[in-house]
Amino acid sequence: DRRVALVVLPGADEEQVAGIRSQVESAGASISSTVTVAPTWSDPDSEPALNALAAELVVSGTTLPLGGDGYDRGAAVLAGALLRPDDEASADRDADQITAVETGYGEAGLATIEIAEGEDDPQATLAVVVAGPPPEDDVERRTGTLTSLVRALDEAAAGSVVGGPPAAAEEGGLITAVREDQDLAAAVSTVDSVDLSSGRVAVVFAVVQQEQGESGQYGRVGTTDGALPVVDEQADNS
């Protein structure tokens, strides 16, 4: 009974995305919005475009990062429109604000936002990010822009999980970038095995763990906390 924003990054495998969606919904959550981030998000000339969008579309309750670049600011506005830290928080984004963000990012060719049919409150409290393999060129910079997006999503929500295939946990991959950032790894959970059904289950367990205020790194690449999170059986997972 939780709302989840599903964020699909460039290169994410469609079958893995569908599998994660199915697993999250089978666990009783609803996908309130699906964000498909375009490959152009990480292009060099997208930084000023994102900066301009952020200035134009920043919504009430969203604080733009001081000293951040256009990628940071654009990510903050996108995350702030679709996420809030808990269900008890006041829903301070009206439908027009969210529609403006949906339209602005779509027309700029940076991200497609789909609000679930019949969803009268599209703001989720949790985010699941599905990553692909490392980018083919300009790897460090492009992965850095996506890391900024993950950070913004986590700061806007009650918790966030990044799932991807093993390649995402190799050199240049987004999961590697999250795990190597000490502060981000302490806040965001990762799963590097979503090519397997057990990995997609691990994503759901990691989301539950995030809501309990904990994080971990799971999968089979490098040093992890194991294949699956250990979830408190006494927790209220309704």
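## Basis

The model is predicted: local features need pLDDT of at least 70, side-chain atom pairs count only at pLDDT 80 or more, and totals for chains, interfaces and linings use all residues. Residues are numbered from 1 along each chain as its sequence is written, and side-chain values use heavy atoms, without hydrogens and water.

## Overall form

The protein has eight helices and seven strands. These are DSSP runs numbered from the N terminus: helices are H or I with at least four residues, strands are E with at least two. The radius of gyration is 16 Å, close to the 18 Å from the globule rule for 238 residues, so the protein is as compact as a globular protein of that length. This radius is taken over C-alpha atoms, and the rule is 2.2 Å times the number of residues to the power 0.38.

The C-alpha atoms fill a box of roughly 45 × 40 × 30 Å along the principal axes. Of the 238 residues, 50% are buried. Buried means under 20% relative accessible area, exposed over 50%, and partly exposed in between (1.4 Å probe, protein chains only).

## The sheet

Strands of a sheet pair through backbone hydrogen bonds, either parallel or antiparallel. Here seven strands form an open sheet with mixed pairing, in the order 3-2-1-4-5-6-7. Strand 3 (111-115) and strand 7 are the edges, each pairing on one side only. Two strands pair if DSSP finds at least two bridges between them.

Strand 1 (residues 3-8) runs parallel to strand 2 (residues 30-37), and six bridges pair them. Arg3 has Ser30 in strand 2 as its bridge partner. Helix 1 (residues 14-26) packs on the sheet and touches strand 1, strand 2 and strand 4 (126-130). Its direction makes about 175° with that of strand 1. Contact means heavy atoms within 4.5 Å.

## Helix 3 and helix 5

Helix 3 (residues 70-82) packs against helix 5 (residues 139-156) at an angle of about 35°, with axes 8 Å apart. Axes are lines fitted to C-alpha atoms, for helices over the stretch in contact; angles run from 0 to 180 degrees between N-to-C directions.

Residues of helix 3 in this contact include Tyr71, Asp72 and Leu78. Those of helix 5 include Arg141, Leu149 and Leu153.

## Val230

Val230 lies in the segment after strand 7 (217-218). Val230 is exposed, with a relative accessible area of 72%. Its C-alpha atom is 9.9 Å from that of Val208, 22 residues apart along the chain.
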